[in-house]
Amino acid sequence: MYAAAFDYHRPSTIDEAIALLARHGDEAKVLAGGHSLIPAMKLRLARPSVVVDIARIASLSEIRDAGGRIAVGALATHQSVESSALLKSKCPLLAEVAATIGDVQVRNKGTIGGSLAHADPAADYPAAIVALDAEIEVAGPKGRRTIRAADFFVGLLETALAPDEIITEIRVPATPQSVAYEKTSQKASGFALTGVAVVVDGQAARIGITGVATKAYRATAAEQALGAGRTAETIAAAASHAADGVDPLNDIHASSAFRAHLAQVNTRRALERAFSRV
Amino acid sequence: MKLPLATSIAADRARVFAALVDPQTLQRAIPGCESLTETAPGEYAATLKVGVAGLKGSYKGKTTVSHQQPPDSLFLSFEGRGAPGFVRGSAWLALAAEGDGTKITGEADVVVGGLIASVGSRLIEAAAKKLSDDFFRQLAKVLTDQTADAR
């Protein structure tokens, strides 16, 4: 089906894009890679009257070393994140997660900023973003601000991003190579029924889980149960707390109980693999 | 799909019950409700613009409240139709005194069909849960605002 009629704008700077959003408010949607918005528009589940295409804002697709952190431009495609030598050496989790998203076409067009702004509960990146405690920088009419990963995801398809703000970059910390992403995907779409991202840094392990609840979360109960333990038994015992305190989603692809089970299994596998890389 | 409903509201049962059958309160509490009019006793016609985040659709619908046993319980049935598909369902609500407030429990049985069901199945249950949570939160707010105004 064709999308409903809309006005199309293609600003060449962030300021122009923000001015357009400020003018059109709720009626406007930002178009980046278009791999969530365009299908929704063609099915007429989304009918924005104004589309602000930011894909030509060149400054937004760079991946660079930013003094201890790595700054990933919002328009970096999943493919460029997956193949970035800088990320592979300094923050391998993000590259590993990007490589599991959708299929080749999706990875060539979809962007990290678009994925985060859309906040699909089954998207892959959010697991890594919360496990890495990343910072999301956004620009709006009042200037720029930084949102911490823990505050960014608010609920189902909802973020702390205001309608007139645009994500400009995502800053992730440098980590050791001891990371892992374990995912069980829905076969047709590649979306995560459950995806578990683990970062082992020194004594601490951080666990981020997507696909299970309406938003990605840190599995703090499992992290605490693990403590400094490294044996197969402690890992398995800690993983059994992966879905503690969450209300797992239920849909035709997986029941709540199955999702909670997958969270535990994938947490155990991700912890084992991350520790094997220490 | 069946959705369990449970919420607590800081207002007595008589007021909560009255709110649940008052068109003005309902219009303020129902997420995305643009208009709501009583067409016959216990029957309401509504237009809604509802959804989650950017995925919103317009629906026209009607709701009937029956088996009213103030202030203990009521039965709602509803149906709505719009470009993205249709929604119909029913819900029992039971009101119990909880201190000075009211505890509402019940279960909704919701059927979603059409385009939204075939392509949005992954998110429908989570969206329905969010909308029912939003409704009860807003209902509680309307009632507590009225209490504050009365003082």
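Two residues are in contact here if their C-beta atoms, placed from the backbone, lie within 7 Å. This is a predicted model, where local features need pLDDT of at least 70, side-chain atom pairs count only at pLDDT 80 or more, and totals for chains, interfaces and linings use all residues. Residues are numbered from 1 along each chain as its sequence is written, while chains are lettered from A and ligands numbered from 1 in the order in which they are written.

**View 1. Domain 1 of chain A meets domain 2 of chain A.** Welcome to the first close-up. Helix H1 (residues 14-24) of chain A gives the largest share of the domain 1 side, five residues. Helices (H or I, at least four residues) and strands (E, at least two) are DSSP runs, numbered from the N terminus. By class, that side of domain 1 holds seven nonpolar, five polar and one charged residue. For these classes, Ala, Val, Leu, Ile, Met, Phe, Trp, Tyr, Cys and Pro count as nonpolar, Asp, Glu, Lys and Arg as charged, and the others, Gly among them, as polar.

**View 2. The buried face of H1(A).** Look for A:Ala17, A:Ile18, A:Leu20 and A:Leu21, the buried residues of this helix. Seen down the axis of H1(A), these buried residues fall within an arc of 155°, so they line one face of the helix. The arc is that of the directions from the helix axis to the C-beta atoms. A residue is buried if 20 or more other C-beta atoms lie within 10 Å of its own, exposed if 12 or fewer, and partly exposed in between, with C-beta atoms placed from the backbone. An α-helix has 3.6 residues a turn, so residues three or four places apart point the same way. The buried residues of H1(A) pack against strands E1 (7-9), E2 (28-31), E3 (50-53), E6 (135-140) and E10 (166-173) of chain A. After H1(A) comes A:Gly25, with a positive phi near 55°.

**View 3. Strand E12 of chain A and its two antiparallel partners.** Strand E12 (residues 192-201) of chain A has nine of its 10 residues buried, so it is largely enclosed by the rest of the structure. Strand E11 (residues 179-185) of chain A pairs with E12(A) in the antiparallel sense over seven bridges; two strands pair if DSSP finds at least two bridges between them. One of the bridge pairs to look for is A:Ala180 with A:Val198. Six residues lie between the strands in the hairpin of E11(A) and E12(A), where A:Gly190 takes a positive phi near 80°. Strand E13 (residues 204-210) of chain A also runs antiparallel to E12(A), and seven bridges join them. A:Asp201 has A:Ala204 in E13(A) as its bridge partner. The hairpin of E12(A) and E13(A) has two residues between the strands, and A:Gly202 there has a positive phi near 65°.

**View 4. The covered side of helix H11 of chain A.** In helix H11 (residues 232-239) of chain A, the buried residues are A:Ile235, A:Ala238 and A:Ala239. They cover an arc of only 100° around the axis, which puts them on the same side of H11(A). Helix H10 (220-226) and helix H12 (256-276) of chain A are among the elements that cover these buried residues.

**View 5. Where chain B touches chain A.** This last close-up turns to the two chains together. Here 18 residues of chain B are in contact with 19 residues of chain A. On the chain B side, strand E4 (55-69) and helix H3 (115-150) each supply at least two residues. H3(B) gives the largest share, 11 residues. This side of chain B is made of 11 nonpolar, four polar and three charged residues. For orientation, chain B has three helices and seven strands, in the order β-α-α-β-β-β-β-β-β-α from the N terminus on. Buried residues make up 50% of the 278 residues of chain A and 29% of the 151 residues in chain B.
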